[in-house]
Amino acid sequence: MIGTAGASGFQIREQSAKVLGNATAGSAAAAEDVSFMAYNPASIGRLEGTQITGAISYIDPSFTLEDAQASTVLGTPIGGFEDDGGVSKFVPSIIAKWRLNERVDLGLGVYAPWGLATEYDRGWIGRYHALESSLETIDINPVISFKPMPSLTLAAGMVAQYAHAKLSSTIDFGTIGAVNHVPGAIPGSQDGYVKVSGDDWALGYTLGVLYELSPRTRVGVGYRSRVSHTLEGDADFHYDPFGVGRAISRASGVFTDTGATADVATPAVVTAGVYHELNDRWALMAGLEWTHWSEFEQFAVKFKDNTPANKTTENWENTLMGSVGVNFRASNQWMLRGGLGYDQSPVSDFHYRTPRIPDQDRKWWSLGATYAPTRHFDITAAWVHLFIADAAIDQHATPTNENASRGSLLGRYEGHANIFSVQGAYQF
């Protein structure tokens with residue numbers, strides 16, 4: 001799953017092709033089918049009968065570091081090539097709902113609202129900062145909605161969230177050895193490797209409200225809670241072929257295969273939207289989404305042996321995404337979609353931008369179309385292009401900071417992404 005491409009931070013919004021076709025505008029209010037439950041659980045209260053949707057999105061990003069410079073903490077230049085860290089991935093989702101009676105509906109969704117994937121070759125210039133970075137989540141989200149009055153729907157749901165993470169990087173045993181006076185150590189020339197993986201289950205919840213101001217106008221708000229994880233797994237170390245890493249490990253007991261833990265939380269999200277039908281052919285919508293990223297101040301992997309924790313300061317800020325969209329019903333069978341959006345990055349400063357998440361503000365342009373061959377079935381296709389602003393990176397190393405063993409890395413990221421999504425919806 002790819003949050004760095006599909007949305008700011010490590011957020012994923014690709015649960016509905018209809019929503020993507022409108023650049024997420026009106027995702028909390030449109031309630032066109034059960035896929036909108038992923039953005040506002042109260043959406044299911046507006047839908048008749050039993051429905052099921054399935055969607056799959058293909059995210060194709062590019063994040064290339066340009067004008068890169070790197071050096072060890074001792075000032076030795078680090079050789080290597082510039083690289084594109086983007087990784088293409090498929091993101092599936094499936095959501096269903098059942099009507100118990102005129103006031104109560106039940107929903108169940110399985111999808112991935114969070115994820116991250118970047119990957120670089122081992123010879124790239126920033127290899128001591130990052131190679132592979134992966135966060136995959138799966139949410140199982142049962143929901144119940146209730147209508148206290150015909151125009152108002154309230155909803156709540158539980159989230160059982162599974163998270164699995166993998167991180168890897170090259171280790172500069174040459175510089176570590178030189179700092180510790182290991183004979184034969186050459187900075188930047190004796191590379192080892194570490195890979196850390198872990199997983200966890202945790203619980204959260206969703207809330208929603210949908211209010212119909214008139215048969216043609218509705219507003220909605222959805223809330224997704226913070227989910228806190230303690231990922232537990234293993235760290236695998238590989239020494240350089242010159243013996244420097246092994247000598248350091250034997251002398252100090254560090255850099256040995258061991259257990260590892262890391263605390264990570266998926267943040268709270270508030271999604272608000274409005275949907276208005278001008279007439280039988282045209283509809284306008286708008287949306288605003290707030291994400292509580294400011295709790296992501298630091299990411300640290302803690303090892304169960306005496307290897308020091310691997311820490312990265314993040315200092316992220318809360319973000320807003322705003323979008324507008326339009327639907328045009330060309331016929332009884334065809335609906336055309338479009339949207340524009342602006343998505344803020346949580347990265348507060350270029351000093352906190354890292355190769356693992358080279359995030360920056362982005363603009364959304366989207367198009368989509370829905371074809372309904374029968375009253376019970378429709379299929380939607382959507383395309384989104386993300387214009388990602390250039391993003392400077394300045395990771396500076398000193399003998400006492402967290403980059404002491406990684407070195408300094410400076411440059412400028414250039415990025416863009418395309419998202420292609422297909423969805424089918426069936427009403428029984």
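At 36% relative accessibility, Phe-387 counts as partly exposed, a class that lies between buried (under 20% relative accessible area) and exposed (over 50%), computed with a 1.4 Å probe on protein chains only. The structure is a predicted model, in which local features need pLDDT of at least 70 and side-chain atom pairs count only at pLDDT 80 or more, while totals for chains, interfaces and linings use all residues. Residues are numbered from 1 along each chain as its sequence is written, and side-chain values use heavy atoms, with hydrogens and water left out.

**Aromatic pairs**

Rings of Phe, Tyr and Trp (its six-membered ring) pair if their centres lie within 6.5 Å; planes under 30 degrees apart count as stacked, over 60 as edge-to-face and the rest as tilted. By this rule there are 19 aromatic pairs. Two of them are set out below.

| Pair | Centre to centre | Angle between planes | Class |
|---|---|---|---|
| Phe-237 and Phe-303 | 5.8 Å | 55° | tilted |
| Trp-365 and Phe-387 | 4.9 Å | 65° | edge-to-face |

Phe-237 belongs to strand S9 and Phe-303 to strand S13 (residues 298-303), so this pair links distant parts of the chain, 66 residues apart. Strands here are DSSP runs of E with at least two residues, numbered from the N terminus. Phe-237 is buried at a relative accessible area of 9%, and Phe-303 is also buried, at 14%.

In the second pair, Trp-365 is in strand S17 (residues 362-371) and Phe-387 in strand S18 (residues 377-395), so parts 22 residues apart in sequence are tied together. Trp-365 is partly exposed, with a relative accessible area of 48%.

Elsewhere, one aromatic cluster is formed by Phe-10, Trp-114, Trp-293, Phe-296 and Trp-316.

**Strand S9 and its partners**

Two strands pair if DSSP finds at least two bridges between them. Strand S9 (residues 227-238) runs antiparallel to strand S7 (residues 191-214), and 7 bridges join them; Val-196 stands opposite Ala-235 in S9. On S9 there is also an antiparallel pairing with strand S10 (residues 258-266), through 9 bridges, where Asp-234 stands opposite Gly-259 in S10.

Thr-206 lies in strand S7 and is buried, with a relative accessible area of 3%. Contact means heavy atoms within 4.5 Å. Leaving aside neighbours within four places in sequence, Thr-206 is in contact with several residues, including Pro-41, Asn-141, Val-143, Tyr-223 and Arg-224.

Arg-122 lies over the face of Tyr-193, at 3.7 Å from the ring centre. A charge sits over a ring if NZ of Lys or CZ of Arg is within 6 Å of the ring centre and within 35 degrees of the ring normal.

Key
Helix = DSSP H or I, 4+ residues; strand = E, 2+ residues; numbered from the N terminus.
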